[in-house]
Amino acid sequence: MRLSSGTILHALGLTAVILFTLFPFYWMVSASFKTQADILASPPVWVFTPTLDNYREIFADSKVIGAVGNSLIIATATTALAVLLGAPAAFALARYEFRGKSDLWFWFISNRMTSPIVLALPVYILALQLRMLDTHLVLILIYLTFNLPIVVWICTDQFKSIPPDLEQAARLDGADQFTIFRKIYLPLGAPGIAVSAIFSFIFSWNELLYALVLTRRDVQTAPVVATSFMSGYELPWGKIMATGTVIVLPVTIFALIVSRHMVRGLTMGATK
Amino acid sequence: MTRMTSQPKLRPNRGYGRWTPFWFLAPAVFTLFIIGIYPTIFAVVTSFRRYNIARPRDGFPFIGLENYISVLTDGTFWASLFLTAKFYITVLPVEIALGLMIALLLHKTGMGFLKSLARVTLVVPLATTYAVVGLIGRLIFNRDFGVANWFLDALGIGGLDWLGSQSGAFAAIVIMDIWQWTPFCALIFLAGLSMVPGEIEEAARLETSSKWALLKHVQLPYLMPGLTALLILRSADVLKLFDMVFVMTRGGPGSATDLVSIYIQRVGFRIFDLGTASAQAILLLVITVLLSRLYIRVLYKEVN
C-alpha cells in the first residue's frame, strides 16, 4: 500500500482511539503491579519493576475472596433464573399474537430505563421486614428486574429468525407447543440465549447500588468490597487496583465474546 | 375463537389454544410483578407516609401529600435535577462528536488490522464495572500523584485539585463518563454507517469528493435513528448514574456532583428519611416512564 497523508492520518486516528480507550484500563492494571511507593511517586513512574505483592495480599484476604465468590454465586444464579423464565416468555412473544402484547413490551423497556434507586428504597424496607437483608436471594431476585428484560428482548429477536417451516413439520408429526419450544426453539435459539446470558451476567456482576444498600457483611459483592477500601487516610492503592483488575477482567473477556452484539444489548435492539 | 373462525385459512397454521401464550409468559410476568410492580406500589404508599427509620418512635403515619410538597419545594432536589441536566448537556455533545469521528475512522476502508483492534478495544470501557471506573478516576485525578495533573504539567498548565474543588470534581466525572460512553456512541454510529447501501455510497463518492457533503446528504439519514436512541437512552442513563460518581466523589465537594440518584440515595440511606426519598424516587420514575414512552413511540414504530 502506498503511504499517502490520508492513510497516515487514518492510522494516527485509529491509534489515538486505541490509546484513549485503553489508557485508564492500562493505568489501573499497571498500578496493580506497582509498589505503594511507585504509585505515590510524582511525577508518575512509567517504567517500574513489577511486583505481585498486591495480588498475593488480596488472594490472602478472605474478604476479597468471599466477595468474588458472592458475586459469582449471585450473577450465575440470577442469570440462570433469567434464562429459565425469560426464554419461554420470549417464545410466546416471538410466535403468538395476543392482546396486551405492546403493553408488555413497554413494561420491559421501562425496566431497562428505570433508576435502581426507585426500587432500592421499597425493596430495602421489604427485605428489612422479611429479614432478607444481607442474603444472596434478595440480590438474585432484584437483579432479575434488569436481566429478565434483556433476556426476553434478545431471545425474542433470535426466535423470530427461526423459520416457521420447521415448526409446521413438527406439528404434522403431532408435536405440541411445549415440545416445539424444547426441541426446535431452544436448540436453534441457543446462540441468542447464550448472548443474553452473558449480558445478564455482566450487568449483575457490575451492579453496585442494590448491592451497597441490600447487603451488610456476609453477602457483600466484589464492587462493594472494592469501594469499601476507599476510606481512611492511607489508601492501599495497589490492593484497590488489584481488586479492580480482578473484578473487571472476567467481564471484559465476556464482553469481548459478545462484542458484536454490544449495541443490541445496550439499546434493547432499537437500532438494528 | 371467533377470530379463528373468521380467518379459516390460518387455522391449520396455529394449533394452539387461546391460553398457550399465557402459560409461556406467566412465570416471567409473575416474577417481574412480584419484584418490580409490588415494590413500586409499596414505594408509592411509603411516599404518603412519614417514614424515618432513624426515628422509629414516630411510627409511620400517613401524612397525605406532605412529602411531595416538601420535595417540590426542596431547593436541593431541584438543584440535583438541574445538575443532572447540566451533566447530560455537557457530556452528550462531546460523546456524540467523538463517537461520530471514531465511527467514521472505523468505517473508512483500509487499515484492516488497526481497525479491528480499535473496534475490539471500544468494548473495554463499556464492560468496565462502573464502580471500578470510579476507582480508576480516584487514581487518575489524585491531586498529589494523579496522572491527569502530570498531563496538565506536560502541557504547561499547572496542576488542579480535581476532586477537592467544585469545578474540578464536576470535570472529573464528566471526563470519566465521556471515556466510558463515547464507545457506545461510536458503535451505534458505526452500525448506522454500515446500513448505507454500498452502491449508493460508491455513487455518491464518484459525484462528490467532499466528505462533508457525503456525510450530510448520504450518511446522515442512516445515522438519525441511532442518534435518537442515544439522546433518549443516555438521558435515562444519566438519571440512573450512581456507581461511578458515588465512588469518585459521593456527590461532593459541597454539592458539586450531587446528581439526582446520588441525592435520593443520601436522603434514603444516610438520613434514613425513606418517606421523602420515596416521593423523590416516584417523581424520578414518572420522568423515566415519560422518557420510555417517547423512546418506544419514536423508535419501535420505525423498526416494526
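Predicted model: local features only at pLDDT ≥ 70, side-chain atom pairs only at ≥ 80, totals over all residues.
Visitor: Is the crossing of α4(A) and α8(A) left-handed or right-handed?

Guide: The crossing of α4(A) and α8(A) is right-handed. The residues of their contact divide into 16 nonpolar, five polar and two charged.

Visitor: What makes α5(A) and α8(A) oblique?

Guide: Helix α5(A) covers residues 101-113, and α8(A) covers residues 144-160. They pack at about 130 degrees, with axes 9 Å apart. Roughly perpendicular ends at 115, and roughly antiparallel needs over 145. The angle falls between those limits, so α5(A) and α8(A) are oblique to each other. Their crossing is left-handed.

Visitor: Which residues make the contact of α5(A) and α8(A)?

Guide: From α5(A) come A:Phe108, A:Asn111 and A:Arg112. From α8(A) come A:Thr145, A:Phe146, A:Pro149, A:Val152 and A:Trp153. Sorted by type, the residues of this contact are five nonpolar, two polar and one charged.

Visitor: How do you know that α12 of chain B falls short of a straight helix?

Guide: Helix α12(B), residues 211-240, has 30 residues. At 1.5 Å a residue, a straight helix would reach 44 Å. The end C-alpha atoms of α12(B) are only 37 Å apart.

Visitor: Where does the kink in α12(B) lie?

Guide: The kink lies at B:Leu220, shortly before the proline B:Pro221. Its size is about 65 degrees.

Visitor: What is the peptide bond from B:Gly252 to B:Pro253, cis or trans?

Guide: That bond is cis, with omega near -5 degrees. B:Pro253 sits in the loop between α13 (243-248) and α14 (260-269) of chain B.

Visitor: What sets the phi of A:Asp134 apart?

Guide: The phi of A:Asp134 is positive, about 65 degrees, although the residue is not a glycine. A:Asp134 is in the loop between α6 (116-129) and α7 (136-142) of chain A.

Visitor: How many residues does each chain give to the contact between chain A and chain B?

Guide: Chain A gives 79 residues and chain B gives 84. On the side of chain A, helix α1, residues 5-32, supplies the largest share, 14 residues. That side divides into 58 nonpolar, 19 polar and two charged residues.

Note on methods. Residues numbered from 1 in each chain as written. Chains lettered and ligands numbered in written order. Helix = DSSP H or I, 4+ residues; strand = E, 2+ residues; numbered from the N terminus. Expected span 1.5 Å × (residues − 1). Bend = angle between axes of the 7 residues up to and from the residue. Axes fitted to C-alpha atoms, helices over the stretch in contact; angles between N-to-C directions. Parallel < 35°, antiparallel > 145°, perpendicular 65-115°, else oblique. Left-handed = near helix turned anticlockwise from the far one by under 90°. Contact = placed C-beta atoms within 7 Å. Nonpolar A, V, L, I, M, F, W, Y, C, P; charged D, E, K, R; others polar.
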